[in-house]
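Please read this briefing beside the sequence and the coordinates.

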Amino acid sequence: MAKTILLGVSGGIAAYKAASICSTLVKQGHDVHVVMTEHATRFVGPLTFQALSRNPVLTDTFEEPNPHEIAHIAIADRADVFVVAPATANTIAKLAHGLADDMLSTMALAARCPVLVVPAMNVNMFAHPAVVDNVALLRRRGVYVMEPGTGLLACGWTGKGRLPEPEDVVAAIERLLEARQDLGGLRVVVTAGPTVEDLDPVRYLSNGSTGKMGYAIAEAARQRGASVCLISGPTALPPVAGAEFIRIRSTEDLLAAVQEQMPTADVLIGAAAPADFRPTERLAHKWKKSNGIPTLTLEPTPDVLATVARDKRPHQVFVGFAAETQDAVEQGRKKLEQKNLDLVVVNDVTEAGAGFGVDTNRVTLVRRNGADVVLPLMSKFEVANALLDQVVDVLHRKPAAAQERD
Ligand code: CTP
């Protein structure tokens, strides 16, 4: 369906790639309005965007051709998505701090639609703490910020800072436009990443979970309108835009954080890989080699999902994961029963493209009521959405939270 897309172009050499983004969006039938900063017009003429978009290009806050409306408010109001590509360090700073000294930044304050920021700049600029902080601030506020591509940059440096390929930007825009709002009004709690059990101040037991699957679920749930709480063990991933973020370390911390969220949760998705064992004792000081080889005595950690599922209320939907190396589906069904879950996402981590550290997954969704759903190899984001489709289906079969409270 045709949408209104506001495309903000700021002053970087990658501005020429915005022409390709604009052209593709128009070919897809969208109504594209382009707003350029003055510096952007030094790289590409507004006429290029006017010809591609077939709409006047906005550059000057004080130019008001139509006496019946105020341009920067009217178009920002109508927009289904506001994309800033390329976003320079300067424009990112203005968006992060609410400055409104040109048409682009003024419209960004007026827009209530999802905002997608696509940075492009020199590798050292992108890594500068000021830019890193501004990007983090935008993400916390619910702005979607794409990661720049890595490669040879116009400035001659090689590294992270390239505008992602136009087709990837268009795909990200499509995802935002297509996002179903079928989780609106619901609270979704997602656990992600590994947990860490300390042996002494410098050594620990953990596992290879990167958190990618859980973060993808949190992002997809947020895009579908849920209020999301992401509880994460240590990972290298940036927090998910617009989601509440709780950082934990041990399995015991994870349990405490999840328990605290349960009174308001409608859905709990346990994508974390909690450590199942911990040392019976955590040494206060580093174990020295001169002390000899230590003997580790381990004890079980609490099972987070099984513990909270004992008090699961009828309207709540609990989802677990089962990473297996043999008889995967059978093991998954066992976990569904043992942990009192509604759905289990089973993956055989020995298969190519599935498991820790990769961007794809091949899973089977085992349901309490109904046939298993076998999914092909997909990106973790697609798996997240397929899983959420099943969660919505299970939610529809449960009593509403309000009914339960009555
Ligand atoms: N899980 C949990 N608390 C734990 C261990 C696991 O909540 N202490 C959750 C995981 O988040 C996952 C599911 O239980 O959703 C299954 O985790 P997995 O590691 O596959 O299985 P375990 O229950 O640990 O059983 P086993 O290691 O014997 O396969």
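The protein exposes about 19200 Å², of which carbon and sulfur atoms supply 54%; accessible areas here come from the Shrake-Rupley method with a 1.4 Å probe, and for residues only the protein chains shown count as cover. This is a predicted model, in which local features need pLDDT of at least 70 and side-chain atom pairs count only at pLDDT 80 or more, while totals for chains, interfaces and linings use all residues. Residues are numbered from 1 along each chain as its sequence is written, and side-chain values use heavy atoms, with hydrogens and water left out.

**Overall build**

- Of the 406 residues of the protein, 51% count as buried, where buried means under 20% relative accessible area, exposed means over 50%, and partly exposed covers what lies in between (1.4 Å probe, protein chains only).
- The protein has a radius of gyration of 24 Å, which agrees with the value near 22 Å that a compact globule of 406 residues would have; this radius is taken over C-alpha atoms, and the globule rule is 2.2 Å times the number of residues to the power 0.38.
- Taken along the principal axes, the box filled by the C-alpha atoms of the protein is roughly 75 × 60 × 40 Å.
- The protein contains 15 helices and 21 strands, these being DSSP runs numbered from the N terminus, with helices (H or I) of at least four residues and strands (E) of at least two.
- Among the contacts in the protein with a separation of 6 or more, 68% come from residues 24 or more positions apart, a contact meaning heavy atoms within 4.5 Å.
- The protein carries 41 positive and 46 negative side chains, and the centres of the two sets lie 3 Å apart; Lys and Arg count as positive and Asp and Glu as negative, without His and the chain ends, and each charge is placed at NZ of Lys, CZ of Arg, CG of Asp or CD of Glu.

**Two domains**

- The protein is divided into domain 1 (4–177) and domain 2 (187–405), with bounds that come from an automatic or database domain assignment.
- The centres of domain 1 and domain 2, taken over C-alpha atoms, are separated by 35 Å, and the contact takes 8 residues from domain 1 and 9 residues from domain 2.

- E147 lies in the loop between strand 5 (144–145) and strand 6 (149–152), and E147 counts as partly exposed because its relative accessibility is 35%.
- Apart from neighbours within four places in sequence, E147 is in contact with F126, R139, K160, P164 and P238, whereas the C-alpha atoms of E147 and V189, 42 residues apart along the chain, are separated by 25 Å.
- A236 sits in the loop between strand 11 (227–232) and strand 12 (244–247), and at 80% relative accessibility A236 counts as exposed.
- A236 and R162 are 74 residues apart in sequence, and their C-alpha atoms are 21 Å apart in space.
- T195, in the loop between strand 8 (187–192) and strand 9 (197–200), is buried, with a relative accessible area of 1%.
- Beyond its neighbours within four places in sequence, T195 is in contact with several residues, including L205, I248, R249, L254 and P274.

- The buried residues of helix 5 (residues 89–97) are A89, T91, I92, K94, L95 and A96.
- Just after helix 5, G98 takes a positive phi of about 75°.
- R278 belongs to strand 14 (residues 277–279) and counts as buried at 19% relative accessibility.
- Neighbours within four places in sequence aside, the residues in contact with R278 include E197, E252 and E299.

**Backbone details to check in the model**

- The peptide bond from A85 to P86 is cis, with omega near -5°, and P86 has its place in strand 3 (residues 81–87).
- D327, a residue other than glycine, has a positive phi near 45°; D327 lies in the loop between strand 16 (317–324) and helix 13 (328–338) and counts as partly exposed at 48% relative accessibility.
- N340 is not a glycine either, yet has a positive phi of about 55°; N340 is found in the loop between helix 13 and strand 17 (343–348) and is partly exposed, with a relative accessible area of 33%.
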